[in-house]
Amino acid sequence: MNKQSWPRETRSTCCYCGVGCGVIIESDVEHISGVRGDPAHPANFGKLCSKGSTLHLTARPEQRLLQPELRIGRADPRLPVDWDSALDHAAERFADIIATHGPDAVAFYISGQLLTEDYYVFNKLAKGLIGTNNVDSNSRLCMSSAVSAYKLTLGADAPPGCYDDIAHAGCVFIAGSNTAFAHPILFRRIEDARKANPKQKLIVVDPRRTDTAQAADLHLAIQPGSDVMLFNAMLHVMIWEGWCDEAYIAAHTENFAAVRQAVQAATPQVAAERCGISVADIVQAARWFASGPTLSLYCQGLNQSAHGTDKNATLINLHLATGQIGKPGAAPLSLTGQPNAMGGREVGGMANLLSGHRDLANPQHRAEVAALWSVPSIPERPGKTAVELFDALHCGEIKAVWIACTNPAHSLPDAQKVREALAHAEFVVVQEAFRDTDTVPFVDLLLPASTWGEKDGTVTNSERRISRVRAAVPPPGEARHDWQIAAEFGQRLAQRLGKSALLGYPDTETIFNEHRASTAKRDLDISGLSYALLEEAGPQQWPLPASANAGTARLYADGRYPTPSGKARFHAATDLPLAEDTDARYPLHLNTGRLRDQWHGMSRTGKTGRLFSHVDEPLLSMHTADMAERQLANGDIIEVTSRRGALVLRVSTSTEMSTGQAFLPMHWGEQFMRGLGANALIEGATDPHSKQPELKHAAVQVSKLELP
Ligand code: SF4
């Protein structure tokens, strides 16, 4: 290639959060030299946050896993091995375990950071080829309660709104999300909208006075876990004041009578006491919400809860009661934590789902997918969801696990138990770009994977927008693409199991085309979308059926919902206590969450010195009064203890905190601190509908550590 053409520019997508910003990667033949925002991308219009703008510093070859490594005995060191030997060994071990114990003795634990095409291959490998539904994703930790609530109330896993609604909203209602830190570019769009329309109201529901809450017109600093009470009380006020849209309720919804009954006892007075806020603030929030148009944005504060589905659904109730869906500026819009949690769900890459938003529990859906894949059947037995999967590994029901692009020793609740599960397993495979995650020490076979800047495929962001991810450089060393590793393993395993090989894909476009064909006539129909259209017209929002020229910005504008009756369904729920309440021994509510400049377990952001200038070590934040009670000063070394474990770190006073509460960032793991990280303190209690764990809460005690 002509030397004059360097640096080359490649359009792609940021690999961090679910905002899904477009990037332009600058590179030469082998090295990425820079990154900037893509002005043409409709999620970010050229802007990037601190994480996105340092992406080029995070995937250097010297930081990467470059060759497969295998150990035969648990006490042996892992040694370099060639790809053929590595994959043959893996196929042999999986075939032996399946022959002895059946297909449900193996499992796959994958990631919302995989591309849609990667997800598709893993799902087909597990459910189509092996015949197990034991394939789940770390998206279970992120979005599954939002999914359950959408399906329960609106009939489909489909966020109805879009980012453009921010500019049209009269009220932005943020619940359980520090958007300023976790989805920064979206927050900048909110700031821009407020500058353009000073009348727009911003309400933030969060126990902490976060940066997002500090920008609000009304901050509702509720007690941890009291969200359902707040939303029910807001609906109570709307009904009492006559602020509901009775015509919309009558024409487009059902079950309102049950909800009216459920919220009767949630008076503002009762809610004020339970939530720890004033009656006036509850009434004000209800008034601004009902005046609309209101856009609700919400994330882990609602999702990561043992009652996450109820929290999501009772918020959606407010939109249904006021007829605020499908109109400019009016919608519930869950924010996706990961870059492709939504794409993974589209292809059914979770234990309870099948391709094209089909449900495993539905016999018709199983038959359709079996026909699509040309396999005799899809097993009916439910697969294990994330926490269940590692519990089954812990007790020996699952013998082998294949982990791709995620770090469960850090990110799952009850981290010590997860480590014991990995240590007990007969065979653990990890495919990873980086060699220093908390999970790697437990691995028998470590496979080097490509990562951002090297991969090709698609992702879907929080507003249902599908964007292309493009490779600027080849993977370093012997690293291979995630879909390729899964497919090559599957071909070898099929031979040993005497099954037909299902995964002979030449490239990601072929996988995408198979996926889009599976969506025809489904709620997320993208049969009209192709790589060529994405190239020509840029990122598109689903649905985009074969008859359409472009995607769909808003859903349910006609008031028709994908339910059997065509109506949305109110969900009646009452306030329930936290899975683990405080008591005399563990008197503080611990909240965990994200910092502005770090991402998840820091396997990527932890390699960029610049990103430590904001916060350079994990600190437990507490209210001054709680610190004084324990005779703690800023910077003291403390031990924070729950019923499951303890961590040692420094404490810091914070004006964000209310009394009785503490906050710990979830990023630092064993690689960076003494202790296993925040999730060592967290219980594995899960939501009964979504199976999402209550990662945002534990009861803890804090004491000063007297150093010798
Ligand atoms: Fe990346 Fe999210 Fe930042 Fe956009 S807002 S640049 S997607 S981390």
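In what sense do β23 and strand β27 (residues 661–665) pair, and over how many bridges? Keep that in mind while you get oriented; the tour comes to it at its third stop. One note before you start: this is a predicted model.

**Stop 1: the domains**

Colour the protein chain by its four parts: domain 1 (3–63), domain 2 (69–142 + 339–517), domain 3 (144–334) and domain 4 (588–704). Now show domain 1 together with domain 4. Taken over C-alpha atoms, their centres are 31 Å apart. Even so, 7 residues of domain 1 make contact with 9 residues of domain 4. The side of domain 1 that touches domain 4 is made up of 2 nonpolar, 4 polar and 1 charged residues.

**Stop 2**

**Stop 3: strand β23 and its partners**

Select residues 588–593, which form strand β23. Here is the answer to the opening question: β23 and β27 pair in the parallel sense, over 5 bridges. Within that pairing, look for His589, which stands opposite Gln661 in β27.

Is β23 enclosed or open? It is largely enclosed by the rest of the structure, because 6 of its 6 residues are buried.

**Stop 4: the largest nonpolar core**

Which residues touch the most other members of the largest nonpolar core? Select Phe122, Val172, Leu230, Met234, Val401 and Leu620 to see them, out of 215 residues in the core. Helix α8 (residues 227–241) supplies the largest share of this core, 9 residues.

Zoom in on Val172. Leaving aside residues up to four places away in sequence, Val172 touches Ile166, Ile190, Gln200, Leu202, Leu295 and Leu297.

**Stop 5: backbone details in the loops**

Finish with the torsions. Most residues other than glycine have a negative phi, and most peptide bonds are trans. The following places depart from that pattern.

- Gly292 and Pro293 are joined by a cis peptide bond, with omega about -10°. Look for Pro293 in the loop between α12 (279–291) and β12 (294–298).
- Trp542 and Pro543 are also joined by a cis peptide bond, with omega about 0°. Pro543 sits in the loop between β21 (540–541) and β22 (568–569).
- Ser374, although not a glycine, has a positive phi of about 55°. Find Ser374 in the loop between α16 (363–373) and α17 (386–394). Ser374 counts as exposed because it has 9 C-beta neighbours inside 10 Å.
- Lys691 is not a glycine either, yet its phi is positive, at about 65°. This residue is in the loop between β27 and β28. Is Lys691 buried or exposed? With 22 other C-beta atoms within 10 Å, Lys691 is buried.

Definitions and conventions: Residues numbered from 1 in each chain as written. Predicted model: local features only at pLDDT ≥ 70, side-chain atom pairs only at ≥ 80, totals over all residues. Buried ≥ 20, exposed ≤ 12 C-beta atoms within 10 Å, placed from the backbone. Helix = DSSP H or I, 4+ residues; strand = E, 2+ residues; numbered from the N terminus. Pairing = 2+ DSSP bridges. Domains from an automatic or database assignment. Contact = placed C-beta atoms within 7 Å. Nonpolar A, V, L, I, M, F, W, Y, C, P; charged D, E, K, R; others polar. Core = buried A, V, L, I, M, F, W, Y, C linked by C-beta atoms within 7 Å.
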